[in-house]
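Colleague: I am new to this structure and would like to learn how to read it. Please take me through it one feature at a time.

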Amino acid sequence: MLTIWGRNNSTNVKKVLWCLEELGLSYERIDAGGQYGQLNSPLYRSLNPNGLIPCLQDDDFILWESNTIVRYLAAQYGANTLYLPDAKQRAAAEKWMDWATFSIAAPFKSVFIGLVRTAPELQDKAQIAHGIVQWNTLMAIADEALSKQSYLSGDKFGLGDIPLGCLAYAWFNLSIERPQLPHLQHWYQNLTERAAFQKVIDIGLS
């Protein structure tokens, strides 16, 4: 039995849920983090000593770190679908997973937390504006890559598209100024047509 711990509006949890849905796997999700708490409970800390979400239980196998969980699920359950057997193709796709997570994390946090989860009177306008500039600059890098291939994973949707796809949902739906990035827009439109995206990503910003 697959169990995923984490609230459904967490970007990192969404990555795992999207992967699970793409693979057609049955799973149970337990609310944790944010208003649900549990992260400092002895039980949860025994699963993830970092006290962060998500955390995956696959029977008696425990795994944390969202990108690692996505890679594991693809390797374990996604033969001939999300898992690419060729090491070079797989690495070329997976580099975008870590790029999205680590390059965009800081500006995403500044903008998303600042606009969505902070009361207007407490918002740091300068920090938000700086984050928007950084985020837009990084999205232009993805747009350039997508001018040469249909997906960050190559010719077909794959693991490399999931982390940035989660962040792109916020980027396209926040009330911010965005540059015209036609290749990114086309890629994102294709993502929005996927049933898994509609089920676990397109749930509103909160």
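Colleague: What area is buried between domain 1 and domain 2?

Modeller: One general idea to begin with: the size of an interface is often given as the accessible area lost when the parts come together. Keep in mind that this is a predicted model. Here the area buried between domain 1 and domain 2 is about 1400 Å², and carbon and sulfur atoms give 65% of it.

Colleague: Which residues belong to each domain?

Modeller: The domain assignment gives 2-78 as domain 1 and 87-197 as domain 2. Their contact takes 13 residues from domain 1 and 19 residues from domain 2. Between the C-alpha centres of the two domains the distance is 21 Å.

Colleague: How many salt bridges are there between domain 1 and domain 2?

Modeller: The count between the two domains is three. A search of the whole structure finds six.

Colleague: Which residues does the salt bridge of Lys199 bring in, and how far apart are the N and O atoms?

Modeller: The side chain of Lys199 meets that of Glu21, at 3.2 Å from N to O. Lys199 lies in helix α8 and Glu21 in helix α1, so this pair ties together parts that are 178 residues apart in sequence. Lys199 has a relative accessible area of 55%, so Lys199 is exposed.

Colleague: Which residues are linked in a network of salt bridges?

Modeller: The network links Arg71, Glu94 and Asp98. Take its two pairs in turn. Arg71 forms a salt bridge with Asp98, with the closest N and O atoms 2.9 Å apart. That pair links distant parts of the chain, since Asp98 is in helix α4 and Arg71 in helix α3, 27 residues apart. Arg71 also forms a salt bridge with Glu94, where the closest N and O atoms are 3.0 Å apart.

Colleague: Now the aromatic rings. How many aromatic pairs does the structure hold?

Modeller: In general, a pair of aromatic rings is described by the distance of the centres and the angle of the planes. This structure holds twelve aromatic pairs. One of them joins Trp18 and Phe197, with 5.5 Å from centre to centre and 75° between the planes. An angle over 60 degrees counts as edge-to-face, and the pair of Trp18 and Phe197 is edge-to-face.

Colleague: Where in the chain do Trp18 and Phe197 lie?

Modeller: Trp18 is in helix α1 (residues 11-23) and Phe197 is in helix α8 (residues 195-200). The pair links distant parts of the chain, 179 residues apart. Both Trp18 and Phe197 are buried.

Colleague: Which residues do ring pairs link into a cluster?

Modeller: The cluster holds Trp18, Tyr151, Phe157, Tyr169, Trp171, Phe172, Tyr188 and Phe197.

Colleague: Which arginines lie over the faces of Phe157 and Trp171?

Modeller: Arg194 lies over the face of Phe157, at 4.0 Å from the ring centre. Over the face of Trp171 lies Arg178, at 5.9 Å from the ring centre. Phe157 and Trp171 are both among the residues of the cluster.

Terms used
Residues are numbered from 1 along each chain as its sequence is written. This is a predicted model: local features need pLDDT of at least 70, side-chain atom pairs count only at pLDDT 80 or more; totals for chains, interfaces and linings use all residues. Side-chain values use heavy atoms; hydrogens and water are left out. Rings of Phe, Tyr and Trp (its six-membered ring) pair if their centres lie within 6.5 Å; planes under 30 degrees apart count as stacked, over 60 as edge-to-face and the rest as tilted. Helices (H or I, at least four residues) and strands (E, at least two) are DSSP runs, numbered from the N terminus. Buried means under 20% relative accessible area, exposed over 50%, partly exposed in between (1.4 Å probe, protein chains only). A charge sits over a ring if NZ of Lys or CZ of Arg is within 6 Å of the ring centre and within 35 degrees of the ring normal. Domain bounds come from an automatic or database domain assignment. Contact means heavy atoms within 4.5 Å. Buried area is the accessible area (1.4 Å probe) that two parts lose on being put together, summed over both. A salt bridge is a side-chain nitrogen of Lys or Arg within 4 Å of a carboxyl oxygen of Asp or Glu.
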